[in-house]
Amino acid sequence: MENTSFQFEKRSLDILKKALYEMEAGFENLPETCEQFDYDKIEEAMMALARRMRDNYPYFHPLYAGQMLKPPHPASRIAYMLSLWVNPNNHALDGGKASSRMEKEAVAKIAEMFGWAEHLGHLTGGGTMANLEALWISGRLHPGKKIIASEQAHYTHGRISEVLGIDFQAVPCNAQAEMDMKALRAILEQGNVGTVVATMGTTATGSVDPLPEILKLQEEFGFRIHADAAYGGYFTLAGNLGSSARAALDHLVRVDSIVIDPHKHGLQPYGCGCVIFRDPSVGRFYKHDSPYTYFTSSDIHLGEISLECSRPGAAAAALWAVQQVLPYDRDGEFARNISKCRAAAVELYEKIRESGRFLTIFPPELDITVWAPKGKKASEISALSERIFGKAEEKNLYLAIFRYPSKLLKDIWVDVEFDEPYVTCLRSCLMKPEHDEWIDRIWRIIEEIQV
Ligand SMILES: Cc1ncc(COP(=O)(O)O)c(C=O)c1O
């Protein structure tokens, strides 16, 4: 089919075909086997699928400026697809020889990005599984002690703690939606805290917990620190952060475990989270035997150091491939693109602030901008936010809305009457580097919206 449409990149499909022949050549000593399929039926199903898939928001397009969604790189798309002709399973070297090695290399690059000389880690199905493993290790190291995370941390931490049977407590936030250090100290003084989860970029507002101060409290109280950098971890490569986010990310070198999602800012398709531990000896907690696998090599099998069993080798291949094209160098293209996302978020914030028509909360620390239309009461603001959200979609601009606690806004929106405990606000995750060039257009659409 001709490459006539301008929405979807298709040139990489030619490379995929070429690479498929290259990979096949590695198996040419085997007797030929080529299964026969009903290609008419496959085509029919694919065309039906293509039409069904039209019923999606255009996540790949810069006018999609809503939820935390970022398109995978063409290299990761075709690497993933290429791998599927072999369909490796990274549980064990028995099922995923080459891709297990690629996973180890790719995860080492992530650990290196945070300045870690040593690590133990692996990919996971996503940030939730990765956080579960990190908190499971925390619980094993500090049995009977609490896990605490800010009230703006991802809801997953409370749920995971429940699954693990570990007590969980939320730490109040300051006006920047960061973990409040006075509140943290008060909880630490009560005792029995095993682990503090520091969120390196909250899902709602992109706020970064003050890690240097948490580390100071660690010296006094002695607890484990897990950093949930699922969304914000790659910003460690950005060249244009504010001083507090910069300092927090620079201190990741000192935490005990980190979760980062390559399927958020790492240009990967969904199904690619990652957990790393600074002390490789925590591998002892994973120790188990498998009667079915671990036979083909005495090298470490990834299933021996992870809770999930079968995992897609394709995810490792895709991550590895993108790292070849766009290495995690501080002055490289990958890093520049991360900086562009933050620049876009700041630019949008400035336009919103200067317009005088909207309420802002605080400047974006990473690449999430949050704002709301002006109103006298919280309920009025919420209703207007929802109307703007709907009207924007009519104009092909896709924003997100979310409920933000009134108590975090009271000192910022001093003229607003808070008649409800939450205020619905507008939220834009500007996760595509192209957003940097699209902000003017996005802003023009926002300006045109009358509610
Ligand atoms: C900070 C943070 N932690 C954890 C998660 C959960 O990750 P996943 O959706 O990959 O399971 C998210 C998802 O948005 C997140 O933003």
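Visitor: Which residue is the bridge partner of Ile-368 in strand 11?

Guide: That would be Cys-429. Before we go on, this is a predicted model, where local features need pLDDT of at least 70, side-chain atom pairs count only at pLDDT 80 or more, and totals for chains, interfaces and linings use all residues. Residue numbers start from 1 along each chain as its sequence is written.

Visitor: What makes strand 9 and strand 11 a pair, and how do they run?

Guide: Pairing takes at least two bridges found by DSSP. Strand 9 (residues 368-373) and strand 11 are joined by four bridges and run antiparallel. One of the residues involved is Trp-371, which stands opposite Leu-426 in strand 11.

Visitor: How do you know that strand 10 is joined to strand 11?

Guide: Here there are six bridges between strand 10 (residues 400-405) and strand 11, and the two run antiparallel. As an example, Phe-402 has Cys-425 in strand 11 as its bridge partner.

Visitor: In what order do the four strands of the open sheet stand?

Guide: The order is 8-9-11-10, with antiparallel pairing. Strand 8 (358-360) and strand 10 are at the edges: each has a single partner strand, so one side of each has no neighbour in the sheet. From one strand to the next, the twist averages 45°.

Visitor: Which helix packs on the sheet, and which strands are touched?

Guide: Helix 12 (residues 378-394) does, touching strand 9, strand 10 and strand 11. The direction of helix 12 makes about 35° with that of strand 11.

Visitor: Why is strand 11 called mostly covered?

Guide: Start with the cut-offs: a residue is buried with 20 or more other C-beta atoms within 10 Å of its own, exposed with 12 or fewer, and partly exposed in between. In strand 11 (residues 422-429), seven of the eight residues are buried.

Visitor: Why are helix 4 and helix 10 called oblique to each other?

Guide: Helix 4 (residues 97-113) and helix 10 (residues 313-325) pack at about 50°, with axes 8 Å apart. Under 35 degrees counts as roughly parallel, over 145 as roughly antiparallel, 65 to 115 as roughly perpendicular, and the rest as oblique. That angle falls in the rest, so the two helices are oblique. Their crossing is left-handed.

Visitor: What divides the residues of the contact of helix 4 with helix 10?

Guide: The kind of residue: six are nonpolar, four polar and three charged. Two residues are in contact if their C-beta atoms, placed from the backbone, lie within 7 Å. On helix 4 the residues include Ser-99, Glu-103 and Lys-109, and on helix 10 they include Gly-313, Leu-319 and Trp-320.

Visitor: At what angle do helix 1 and helix 3 pack?

Guide: For helix 1 (residues 12-24) and helix 3 (residues 74-83) the angle is about 35°, and the axes are 10 Å apart. This crossing is right-handed. Among the residues making the contact are Ile-15 and Leu-16 of helix 1 and Ile-78 and Met-81 of helix 3. Overall, the contact of helix 1 with helix 3 has nine nonpolar residues, one polar and one charged.

Visitor: Is Ala-177 buried or exposed, and how do you know?

Guide: Buried, because Ala-177 has 25 C-beta neighbours inside 10 Å. Ala-177 sits in the loop between strand 3 and helix 7 (181-190), and has a positive phi of about 65° although it is not a glycine.

Visitor: And why does Asn-87 count as buried or exposed?

Guide: With 12 C-beta neighbours inside 10 Å, Asn-87 counts as exposed. Asn-87 lies in the loop between helix 3 and helix 4, and its phi, near 55°, is a positive value in a residue other than glycine.

Notes
Axes fitted to C-alpha atoms, helices over the stretch in contact; angles between N-to-C directions. Left-handed = near helix turned anticlockwise from the far one by under 90°. Nonpolar A, V, L, I, M, F, W, Y, C, P; charged D, E, K, R; others polar.
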